[in-house]
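Thanks for coming, everyone. Please have a look at the sequence and the model on the screen, and then I will talk you through a few parts of it.

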Amino acid sequence: MEPRASREPEAAEVLPQHRFDVRSLEAYLNQHLPSFGAEPEAKLTVAQYRSGQSNPTFYLQKGFQEYVLRKKPPGSLLPKAHMIDREFKVQKALFSIGFPVPKPLLYCSDASVIGTEFYVMEHVQGRIFRDVTIPGVSPAERSALYVAMVETLARLHSLNINSLHLEGHGTGAGYCKRQVSTWTKQYQAAAHQDIPAMNQLSDWLMKNLPDNDNEESLIHGDFKLDNIVFHPTESRVIAVLDWELSTIGHPLSDLAYLSLFYFWPRTLRLRNSGFYLQENRGIPSMEELISIYCRCRGINSILPNWNFFLALAYFKLAGILQGVYSRYLLGNNVSDNSFQFANVVQPLAETGLLLSKRTTVPPVDTTRELFVQTRRGQEVLARVKHFMQEHILPAEKEVIKFYVKNENSVDKWKKPSVIDKLKEMAKAQGLWNLFLPAESSLNQLDYALIAEETGKCFFAPDVFNCQAPDTGNMELLHLYGSERQKQQWLEPLLEGNIASCFCMTEPDVASSDATNIECSIERDGNSYIVDGKKWWSSGTGNPNCKIAIVMGRTKNTSTNRHKQHSMILVPINTPGVEIIRPLSVFGYMDQMHGGHFEIHFNQVRVPATNLILGEGRGFEIAQGRLGPGRIHHCMRAIGLAERALQIMCERAAQRVAFQKKLYSHEVVAHWIAESRIAIEEMRLLTLKAAHMIDTLGSAGAKKEIAMIKVATPRAVCKIIDQAIQVCGGAGVSQDYPLANMYALARTLRIADGPDEVHLSAIAKMELTDQARRLRAKV
């Protein structure tokens, strides 16, 4: 056997009892594993991981290729144990939907190759923490790592078993009873001495099974910190390892197993740790982890039978460690310290008994908070958050680099290829067109919180096909378009095959009073002639922009100024459409979003069937379009504010001025506090508006929509301005996103109507409401 591979510090020389024929393995992999033979001159080296206590695991290296091999242990095994074919099957299913597991590459059932069945997977480079106290990181990072871990667990338990084709992976119903029975038999088969506490705990568990023992989720079975691979520098999970015990069962068994260390016996040292949990800052409390888990899954945080699952987890762990010690006695174990487990089983069983009698204080029921999402909304939000952390935020530097490189080239309006890849992934995962209730089954309140999340990254909305102005245009066509218009334009927009722009504002009139709009739309036989100038037509620079929705004045006899305008569809390639120039926003061209352009419509002729809804219906359509759109804008702006506050806090914690950290200066501390207060105020007001649209419609939420349109951009501008102030010169440079964020937020105080117009409308509605109340009293 070749010497150990040097690139994996956690692996060492293969133990004598686990050695196998490396030449036989190499010949098999050359024949069955594509790319394995990419470097034919390189030697295959094998090392063994010491961390595993069950299935022997090996690190394979051939040149620059790295793999991990898992196999059954040799010799006599407990019944139904070490079924590595199940591991391979579940990892293959999970990898296919983007869940963080190592990519499974090959399964071999031919024991003649290396003596037992085995499978090979890709090697994942990252951080594995063996010590539950996670030393060597800041309290903030320690907390973030635990949150990422429990969010991953919640995501696992939210997966659909049928769509994974894992219906036969376990029996499901009656899981708790089977677990008690299985681990009782496993313990009895491996026991080297009589431990009364194990027998008592087994009896208590069997007599106190949950009444509702039919919940079915895909569970891991051994979900704990040292089975998680974290990103090398970020607080996110990139792989979950060791699926040997995975099955279909009750999800709370995984959550309880993860929570074992909160009740660890004081007589025992935490595994791989010289410290007790209480001495470490930053680890969330068990109640906090439960709250995060339940919020991600959309379930009540008051967990029934929680003591039962904690006791079951201790019983299971005691049974596992008894089996480890049994294999040690047989000379068939991986770890050098397996002999220590002989004295661990009893205190673990006794702890389980204590937990069975534990009196619990019910956790806070977070489901009674204001403006709660539907269960589907919560599930989709959790998936979006994960997608953001896993795929979008890591791509941010690459996207920025592309636009910096092409700032002055002909390719500046194109999008980097990584955006298209991310779009394909989001679409495949069903994270597509989330803004449109008819497509996503989400209401406005559900999507509001999703919009906030996507607002934290400037290109995230595009990835989910939820970008302005296309969202408003798609909603407009969905609500008011004819069947022909929907087929021709809405369907390709929903598919993401084309983009669009919206043309309303004009350079020659005060467009804050939209009744001033002069662009004409005149009937001429079976056509309409569009003639006029538009500017701030967002999205026009996108190479995929194929259609414009234009608002203009149509001749009619109505004296109502709000019934003299119409909207019409104008393909961008129609003769007479002249794209004049892009407009900058504080010097930024906003290439990612297709820029903002001045467009002239010079006697442009389009079919009469392109008119939307009818003549004189333009303002009616505009109000229907802008209601949900303003919710989206405001919630994305709140996401922007969250990002600015994060930057502010990080900078304040890093920099020292006048012999103390910036956050120690009262003015900076107050900015941080005021920013948090403002964000919470904005969010509540915007969620109220979203809730009112869901319950009363856009017309019933007019005042609230106008209020958020004023309050949110104002507050966001102030937060970003303070973040810039804390960052100093760096804050206005290209090294930080704050200057661009400020430009976007400041523009919102003008776009879709300036603050002053909305303030006048709010005052008018408030005076009307007050007069109505006064008349009611009289």
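Predicted model: local features only at pLDDT ≥ 70, side-chain atom pairs only at ≥ 80, totals over all residues.

**An open sheet and its surroundings**

Let me begin with six strands: 6 strands form an open sheet in the order S1-S2-S3-S4-S6-S5, and the pairing is antiparallel, where two strands count as paired if DSSP finds at least two bridges between them. Strand S1 (11-12) and strand S5 (104-108) stand at the edges with a single partner strand each, so one side of each has no neighbour in the sheet. S1 is joined by 2 bridges to strand S2 (residues 44-49), and these run antiparallel; in S2, Tyr 49 is the bridge partner of Ala 11. Helix H1 (residues 22-32) packs on the sheet, touching S2, strand S3 (57-62), strand S4 (65-71), S5 and strand S6 (118-122), and its direction makes about 120° with that of S5. Contact here means heavy atoms within 4.5 Å, and axes are lines fitted to C-alpha atoms, for helices over the stretch in contact, with angles from 0 to 180 degrees between N-to-C directions. Helices (H or I, at least four residues) and strands (E, at least two) are DSSP runs, numbered from the N terminus.

Residues are numbered from 1 along each chain as its sequence is written, and side-chain values use heavy atoms, with hydrogens and water left out.

The pLDDT, the predictor's confidence in each residue from 0 to 100, has a mean of 87 for the protein, and 91% of its residues reach 70 or more. Over residues 274-280, however, pLDDT stays under 50.

Now, how many disulfides does a search of the whole structure find? The search finds 0, a disulfide being a pair of cysteine sulfur atoms within 2.5 Å. The sulfur of Cys 501 is 4.0 Å from the closest cysteine sulfur, in Cys 545, which is too far for a bond. Cys 501 is buried, with a relative accessible area of 0%, where buried means under 20%, exposed over 50%, and partly exposed in between (1.4 Å probe, protein chains only).

Finally, most residues other than glycine have a negative phi, and most peptide bonds are trans. Yet the peptide bond from Ala 468 to Pro 469 is cis, with omega near 0°, and Trp 536, in strand S13 (residues 527-538), has a positive phi near 55°.
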